[in-house]
Amino acid sequence: MSYPQLQMLIAGEWTNGTSGVTENVICPADGTVLGELPHASKEDLDDALNSSLEGFNKWRSETPLNRQSILEKAAKILEREFDKNSENLTREMGKPLAEAKIEMQVAIDLLRWYGEEGKRVYGRIIPSRIPNMEHEARKVPVGPVLAFVAWNFPATNVMRKVAGALAAGCSITIKPSEETPATAIAIGKALMEAGLPAGVLNIVFGVPSEVSEHLLSSPIPRKLSFTGSVPVGIHLQKLAAQNLIRCTMELGGHSPVMIFKDADIEAAVKHCAAGKFRNAGQVCISPTRFFIEEPVYDEFIKSFKSHVEAINVGDGLDSKSTMGPLVADRRLEVMEDFISDAVSSGGEVISGGGRGQSPGSFFEPTLIRDVPDTAKIMIEEPFGPVAPSASFSSIDEIIERANSLPFGLASYAFTSNPRTSQILKSEIESGMLAINSMHIHSVETPFGGLKHSGYGYEGSIEGLEAFLVTKYSSEIYT
Ligand code: NAD
């Protein structure tokens with residue numbers, strides 16, 4: 001098996017750190033121990049912080065061209081290691097290998113895209129009111145960055161932050177998820193082999209709340225970028241406030257899907273089934289509240305059910321599997337709780353509804369119809385393979401219901417009416433909206449939420465801007 005030795009990257013060295021504490025990394029498909037992950041001591045975290053300051057001072061003075069060339073070399077190394085890294089991603093996270101490969105490819109694309117875009121960090125000259133005076137606004141890297149990320153996309157969650165920070169000229173200290181460390185380590189190895197100077201990237205692990213509390217109490221970091229749940233995002237923002245650290249918050253969502261009666265229903269069902277059960281529903285932009293216009297409700301549900309029943313649940317490394325396990329056993333109970341609450345609120349389970357094979361953290365793809373908006377699963381982010389559905393009767397009604405939650409990450413609609421599309425683009429409260437597909441992100445497009453789903457963007461020029469600040473200067477030519 002290729003699962004690597006798990007270590008941290010501190011000040012340019014791969015190390016087990018000094019705490020002596022480790023935790024096991026578990027394969028969600030069969031419960032076996034994949035590896036032992038070292039935790040950082042406070043001294044290790046201080047070493048990482050100090051080296052990130054030294055790394056920043058080196059890296060910001062590199063030309064964007066040299067930075068891009070290192071990122072490009074790392075992209076080529078990740079291509080060389082593509083199959084091994086994809087398999088390890090599946091081992092530690094559970095998603096089918098085909099999905100892991102797509103994710104690894106997107107991570108490589110992110111690295112290349114950001115590297116290139118880093119060459120285009122332009123400032124501007126502002127015309128002056130005073131003769132012989134020039135106003136200049138230039139973009140400079142914000143400083144050493146801290147990042148904490150969730151386990152559901154072990155490659156792209158890490159790469160969005162690492163590639164963006166590095167392309168902008170920042171150093172970055174990242175704590176990936178302790179549940180999926182090997183993918184982040186593989187990214188770190190590629191960057192170090194490509195020639196990244198010591199301290200520019202640090203990778204640490206530990207008890208998340210302790211690591212973040214220690215790192216955020218330091219005056220060194222100038223930016224925090226977090227991908228995870230709303231409560232943890234709010235907690236981290238409070239910690240960051242102590243040192244007025246700027247934040248990007250990529251938090252949870254609860255995405256409505258609105259199927260209008262004029263939509264191509266068969267096409268909508270195909271998109272919804274693929275989108276909903278991708279990564280077993282453990283996706284922040286996963287469609288999670290299915291609203292179908294009354295006249296096509298039964299037709300949609302009948303077809304959706306047949307697609308759900310065609311999903312093949314199993315070990316992600318088995319090429320026949322189209323859905324893997326959940327990330328860990330702790331998620332199974334959460335799904336059961338959502339389903340029993342939905343049923344006691346009046347919903348009807350029409351497919352799935354229970355745990356899958358054991359050992360492994362498997363859960364059946366589940367479809368529930370007639371779920372009232374007051375059921376827990378219509379209010380809290382499900383983050384699993386359960387699709388609750390309900391009908392609606394007018395556009396005004398569905399816009400109000402779609403906007404009723406504090407979340408505002410992604411929304412989806414299926415309609416052939418351009419007027420409906422226009423109204424939704426204007427009225428739906430979410431950072432991202434896809435009409436007639438589930439395609440909502442590319443490396444070139446801005447990814448981010450509104451309301452409690454967070455603020456700031458990753459991907460696109462906004463993603464690079466997140467790691468830059470504007471410095472203004474004026475000069476009178478004598
Ligand atoms: P979580 O917030 O509990 O944990 C997310 C990550 O943060 C984990 O790796 C964890 O180790 C770390 N973490 C937890 N507490 C921490 C702390 N006090 N300090 C530092 N790090 C801490 O969320 P989860 O339930 O494990 O992950 C899923 C959540 O992430 C969902 O809400 C999902 O929508 C969200 N998510 C958002 C995006 C996005 O881009 N908007 C992408 C992926 C996941």
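**Reading helix packing in a predicted model**

User: At what angle do the axes of helix 2 and helix 5 cross, and within what distance do they come?

Analyst: This is a predicted model. The axes of helix 2 (residues 64–80) and helix 5 (residues 156–168) cross at roughly 150 degrees and come within 9 Å.

User: Is helix 2 roughly parallel or roughly antiparallel to helix 5?

Analyst: Angles over 145 degrees count as roughly antiparallel. Helix 2 is therefore roughly antiparallel to helix 5.

User: Is the crossing of helix 2 and helix 5 left-handed or right-handed?

Analyst: The crossing of these two helices is right-handed.

User: Which residues in helix 2 and helix 5 meet?

Analyst: Helix 2 brings Arg67, Leu71 and Leu78. Helix 5 answers with Met159, Ala163, Leu166, Ala167 and Ala168. By class, this contact has seven nonpolar residues, one charged and no polar.

User: How do helix 3 and helix 6 pack?

Analyst: Start again with angle and distance. Helix 3 (residues 82–93) packs on helix 6 at about 155 degrees, and their axes are 8 Å apart. Helix 3 is therefore roughly antiparallel to helix 6. Asn85, Leu89 and Glu92 of helix 3 make the contact with Pro181, Ala182, Thr183 and Ala186 of helix 6. By class, the contact has four nonpolar, two polar and one charged residues.

User: Where is the place of Thr180?

Analyst: Thr180 is in the loop between strand 8 (172–175) and helix 6 (181–193).

User: Is Thr180 buried or exposed?

Analyst: Read the relative accessibility. Buried means under 20%. Thr180 has 2%, so it counts as buried.

User: Which residues does Thr180 touch?

Analyst: Leave out residues up to four places away in sequence, and Thr180 touches Glu92, Met93, Trp151 and Pro154. Glu92 also belongs to the contact of helix 3 with helix 6.

User: Now the whole chain. How many helices and strands does the protein chain have?

Analyst: The protein chain has 14 helices and 20 strands. Its C-alpha atoms fill a box of roughly 75 × 60 × 40 Å along the principal axes.

User: What does the radius of gyration say about the protein chain?

Analyst: Compare it with the value for a compact globule. For 478 residues that value is near 23 Å; the protein chain has 23 Å, so the two agree.

User: What percentage of the residues in the protein chain is buried?

Analyst: Buried residues make up 57% of the 478.

User: What share of the contacts joins residues 24 or more positions apart?

Analyst: Count contacts with a separation of 6 or more. Residues 24 or more positions apart account for 72% of these in the protein chain.

Methods. Residues are numbered from 1 along each chain as its sequence is written. This is a predicted model: local features need pLDDT of at least 70, side-chain atom pairs count only at pLDDT 80 or more; totals for chains, interfaces and linings use all residues. Side-chain values use heavy atoms; hydrogens and water are left out. Axes are lines fitted to C-alpha atoms, for helices over the stretch in contact, and angles run from 0 to 180 degrees between N-to-C directions. Helices (H or I, at least four residues) and strands (E, at least two) are DSSP runs, numbered from the N terminus. Angles under 35 degrees count as roughly parallel, over 145 as roughly antiparallel, 65 to 115 as roughly perpendicular and the rest as oblique. A crossing is left-handed if the near helix is turned anticlockwise from the far one by less than a right angle, and right-handed if clockwise. Contact means heavy atoms within 4.5 Å. Ala, Val, Leu, Ile, Met, Phe, Trp, Tyr, Cys and Pro count as nonpolar, Asp, Glu, Lys and Arg as charged, and the others, Gly among them, as polar. The radius of gyration is taken over C-alpha atoms; the globule rule is 2.2 Å times the number of residues to the power 0.38. Buried means under 20% relative accessible area, exposed over 50%, partly exposed in between (1.4 Å probe, protein chains only).
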